[in-house]
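Here's a quick briefing for anyone opening this structure for the first time. Have a look at the picture, then read on.

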There are 2 protein chains.
Amino acid sequence: MSDLVTRLRRHNWRITPQRRVIAETLDGSHVHYTAEEILERACEQMPELSRATVYNTLNEMVALGEVLELALDGRSKRYDPNADHEHHHLICEGCGLMKDVHALADPVDWLPGDERHGFTVTRASVTYRGLCPECRAA
Amino acid sequence: MSDLVTRLRRHNWRITPQRRVIAETLDGSHVHYTAEEILERACEQMPELSRATVYNTLNEMVALGEVLELALDGRSKRYDPNADHEHHHLICEGCGLMKDVHALADPVDWLPGDERHGFTVTRASVTYRGLCPECRAA
DNA sequence: ATCCTAGCTTAGACTATGTCTAAACAAAGA
DNA sequence: TCTTTGTTTAGACATAGTCTAAGCTAGGAT
């Protein structure tokens with residue numbers, strides 16, 4: 001598994017300074033940020049970075065298949081740079097914090113044939129929900 | 001499994017004419033609607049029904065645990081009246097069709113303690129993705 | 001029956017999230 | 001250098017949903 005900038009470069013995608021800052025902000029964390037959080041953090045590196053560029057860049061990285069867009073909490077979308085390996089998500093119902101997790105079994109194996117309604121089922125992802133330590137204490 | 005209005009009444013929840021129309025709009029269908037779609041359909045029965053009442057009522061039914069709120073496509077939330085039995089969702093990646101399905105095991109059991117990051121994990125839902133018979137043929 | 005109260009409904013203002021537009025800017029090739 | 005193409009920007013716009021304040025309604029007390 002290589003870093004996100006390297007994976008993006010393989011698509012002949014121009015790595016501008018703005019795009020690099022956004023990719024580096026995204027990468028290397030197992031917490032998934034919203035677009036606003038990425039903007040805020042990336043602006044620490046490049047204060048003139050615009051909101052539109054963050055949204056454009058995230059959408060392009062999703063279209064290239066190198067970043068996953070997650071819409072699991074009904075508030076704002078979150079972006080997951082780990083599109084190159086299988087994993088599931090754990091979400092705090094209090095604050096929306098989202099982390100990657102790994103489960104012991106593949107849920108596809110637990111869906112009986114007569115529940116498949118004729119579909120060809122190719123993948124399954126599990127959304128675990130609960131409270132993070134901070135929200136439980138509060 | 002009883003109908004949604006009956007289940008709601010058990011919570012000592014006042015069934016006003018507006019709430020009844022909204023519940024019946026939700027319950028009669030096997031498709032999961034957005035709030036706007038519910039408003040549009042419910043207004044055929046009760047044209048003066050307001051948007052705020054639809055949103056309030058849906059949120060209350062979710063809070064009572066009788067309706068599930070689904071945020072799976074990043075656009076708008078959809079509402080599922082079948083909250084009285086555990087189920088997961090199967091989504092066609094071609095046409096967006098969404099069906100309820102039942103799995104053989106509870107995915108919470110597959111998440112090891114060291115993957116819980118200190119969270120109290122209360123539930124898990126699986127989103128199965130694939131192609132429905134029509135989209136596979138196309 | 002009438003009044004009172006609590007809770008329900010309403011229109012519209014407001015907030016949050018995300019997209020679009022048009023102009024300025026930057027980089028690469030002729 | 002000039003041109004072309006693609007990128008970035010600020011801000012207008014769009015969409016989804018929440019909040020507020022006022023009026024309305026149902027049901028209990030008298």
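A polar contact is a pair of N or O atoms within 3.5 Å; within protein, one of them must be able to donate a hydrogen and the other to accept it, and residues adjacent in sequence count only if both atoms are side-chain atoms. With that in hand, a polar backbone atom of Lys77(B) sits 2.9 Å from a phosphate oxygen of DNA strand D.

This is a predicted model, where local features need pLDDT of at least 70 and side-chain atom pairs count only at pLDDT 80 or more, while totals for chains, interfaces and linings use all residues. Residues are numbered from 1 along each chain as its sequence is written, chains are lettered from A and ligands numbered from 1 in the order in which they are written, and side-chain values use heavy atoms, with hydrogens and water left out.

**Around DNA strand D**

- DNA strand D has 15 residues around it, and the closest are Thr16(A), Gln18(A), Thr53(A), Tyr55(B) and Lys77(B); near here means a heavy atom of the residue within 4 Å of the strand.
- Of the atoms of DNA strand D that come within 4 Å of the protein, sugar and phosphate make up 85%.
- H4(B) gives the most to the surface near DNA strand D, with three residues.

**Around DNA strand C**

- DNA strand C is also surrounded by 15 residues, the closest being Tyr55(A), Lys77(A), Thr16(B), Gln18(B) and Thr53(B).
- Sugar and phosphate supply 85% of the atoms of DNA strand C that come within 4 Å of the protein.
- From chain A, a polar backbone atom of Lys77(A) lies 2.7 Å from a phosphate oxygen of DNA strand C, and a side-chain N or O atom of Tyr55(A) lies 3.1 Å from one.
- From chain B, an N or O atom in the side chain of Arg19(B) is 3.3 Å from a phosphate oxygen of DNA strand C.

**How the two chains relate**

**Where the chains meet**

- Contact (heavy atoms within 4.5 Å) links 42 residues of chain B with 43 residues of chain A.
- Trp110(B), Phe119(B) and Tyr128(B) lose the most area to chain A in chain B, together 21% of what that side buries; buried area is the accessible area (1.4 Å probe) that two parts lose on being put together, summed over both.
- Between chain B and chain A, 18 residue pairs are in polar contact, both at pLDDT 80 or more.
- S6(B) gives the most to the side of chain B that touches chain A, with 12 residues.
- The copies meet through the same surface, because 100% of the interface residues of chain B are also interface residues in chain A.

Technical notes:
Helices (H or I, at least four residues) and strands (E, at least two) are DSSP runs, numbered from the N terminus.
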